[in-house]
Amino acid sequence: MASSSLFAAGRRLLRLGRGRLFHCRSRSHNPTPLLLPTRTASSPRSRSYSSERPARRPPSLQSTLWPLGHPGTLLVPEIERWAEKPGNRLRRVELERVVKELRKRRRHRQALEVSEWMSAKGHVKFLPKDHAVHLDLIGQVHGVGAAEAYFNNLPDKDKTEKPYGALLNCYTREYLVDESLAHFQKMKELGFVFSSLPYNNLMGLYTNIGQHEKVPSVIAEMKSNGIMPDNFSYRICINSYGTRADFFGMEKTLEDMECEPQIVVDWNTYAVVASNYIKGNLRDKAISALKKAEEKIDIKDSDSYNHLMSLYGQLGDKSELKRLWALQMSNCKRHVNKDYTTMLAMLVKLDEIGEAEALLKEWESSENAFDFRVPNVLLTGYRQKDMLNKAEALLNDFLKKGKKPPSSSWALVAIGYAEKGDVAKAYELIKNALCVYAPNSGWTPRPAMIQMILKYLGDEGELKDVENFIHLLQAAMPVNSDMAGPLSRARMREEKKAGGAEEEAPSSTKASG
């Protein structure tokens, strides 16, 4: 009853506006479709209603590319096929938008592929800003050495503050302190440090390597050089104080930020404040900061709801979690898989497994792309709460529906059995994971788990089972000496068993004679 009350409003809102014919066909208990209202034959408008439907627009370039999210999928052939269709034309602005959106979605390899093709085919003549984007993508995909080589090969006229800044970002992203500081100094000498971005990169570096105490001096230097900190600058500094439980410093920096006429404190800043209060067990102050954050959000931005819900989940505040979920369902036009994974994770955290199961069914009935990362959240909850029978049942249910669980889903349940000491069951599930293994899927076998299973097979398994498992394993990880031991033990045991059988055969023949 609780779960139905939680999601009833969301169900109605999700279905609102969808085609009624589709909606009714999708409900097996209501076979009679409720069609859209029709007009009588005598009405002159009825003829135009039925015969003058607008032609369906061909898919845009972006709508063609976004579903192709697997890292191994090449986008350039898809772009070229799209461009060959009548009426489609490649425009610089659209190609740049594709690269920008791919970066936003962290599909860096695909973004680099498109960027390289744009330049090689002459679709875009690179300006310094384009070189900066390309350099950053090279750093993401091929590493900082390749980014340096690209930078060094640029003509001097293109080595402006943007490519310099992109290389600084590569250094700080890889936590290369000496290189970052030297490059920052070079930028200052060339007069390329005239915005908050390079300082933000340095503060981000200090944050990521745990040297939070160095952050305030960077923002102080920025101000002394006449450069105005932006929201991100203040947010990093606020977090540096909060991480060290210096709540006085954190609150003072927030007050300074609120007093700056050029700065509009955004919801994310108050969320950072709230997060640090939560870590410091200052519940009332955390709730106050969360209320301020909510006042600042764009009500149509689902990411802001997801972030605030995760913070209320950390506070264990189920009522606020449900309230924000209902607001998200009503205010946001689209409800993507990330929205469901956030809510599922919070329900699991609050031990609301029944409501999480109901929400997963809601997601299954939605029109969202089927992504096993969503049910994996519930599978993780089942494992953490020792409900492994339910986890297996969920995987089997998906198989019955024609949905093939990926390696990561099988492995999640296998970990649960391994934690309980049931290595035989863990072996069966990891074997399933290896049978569907796909390179670049983001899943690799845990070495400790594999060692445990190999020991079990070497001690108790049949030789053919050991050989088959190692064969499957070779596709996912390199062969090593750990695999040879169990194989030889299983072979020795089988040979010993065969020898024993041969010894018994003559004696039994002699006895019968």
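**Helix packing and a histidine**

Modeller: In this predicted model, the axes of helix α16 (residues 267-279) and α17 come within 8 Å and cross at roughly 165°. Axes are lines fitted to C-alpha atoms, for helices over the stretch in contact, and angles run from 0 to 180 degrees between N-to-C directions. That makes α16 roughly antiparallel to α17 (an angle over 145 degrees).

Colleague: Which residues of α16 and α17 meet there?

Modeller: From α16, Trp-267, Tyr-270, Ala-271, Val-273, Ala-274, Tyr-277 and Ile-278 meet Lys-285, Ala-286, Ala-289, Leu-290, Lys-292, Ala-293 and Lys-296 of α17. Contact means heavy atoms within 4.5 Å.

Colleague: And how does α17 pack with α18?

Modeller: Helix α17 (residues 283-296) and helix α18 (residues 302-315) pack at an angle of about 165°, with their axes 11 Å apart. So α17 is roughly antiparallel to α18. On the α18 side, the contact is made by Leu-308, Leu-311, Tyr-312 and Leu-315. The α17 side includes Arg-283, Ile-287 and Glu-294.

Colleague: New topic. Where does His-183 lie?

Modeller: His-183 is in helix α11 (residues 177-189). Helices are DSSP runs (H or I, at least four residues), numbered from the N terminus.

Colleague: Is His-183 buried or exposed?

Modeller: His-183 is buried, because its relative accessible area is 9%, and buried means under 20% (1.4 Å probe, protein chains only).

Colleague: What does His-183 touch?

Modeller: Not counting residues up to four places away in sequence, His-183 touches Tyr-164, Leu-167, Leu-168 and Tyr-171. A polar atom of the His-183 side chain lies 2.9 Å from the backbone oxygen of Tyr-164.

Colleague: How many residues does α10 have, and what do its buried ones pack against?

Modeller: Helix α10 (residues 161-173) has 13 residues. From first C-alpha to last, α10 reaches 18 Å, close to the 18 Å expected at 1.5 Å a residue, where the expected span is 1.5 Å times one less than the number of residues. The buried residues of α10, among them Tyr-164, Leu-167, Leu-168 and Tyr-171, pack against α8 (128-142), α9 (144-152), α11 and α12 (196-208).

Colleague: How many helices and strands in the chain?

Modeller: The protein chain has 28 helices and zero strands, a strand being a DSSP run of E of at least two residues. Buried residues make up 42% of the 513 residues.

Colleague: What rules sit behind these values?

Modeller: Local features need pLDDT of at least 70 and side-chain atom pairs count only at pLDDT 80 or more, while totals for chains, interfaces and linings use all residues. Residues are numbered from 1 along each chain as its sequence is written, and side-chain values use heavy atoms, with hydrogens and water left out.

Notes
Buried < 20%, exposed > 50% of the residue type's maximum accessible area, 1.4 Å probe, protein only. Polar contact = N/O pair within 3.5 Å; in protein donor to acceptor, adjacent residues only side chain to side chain. Parallel < 35°, antiparallel > 145°, perpendicular 65-115°, else oblique.
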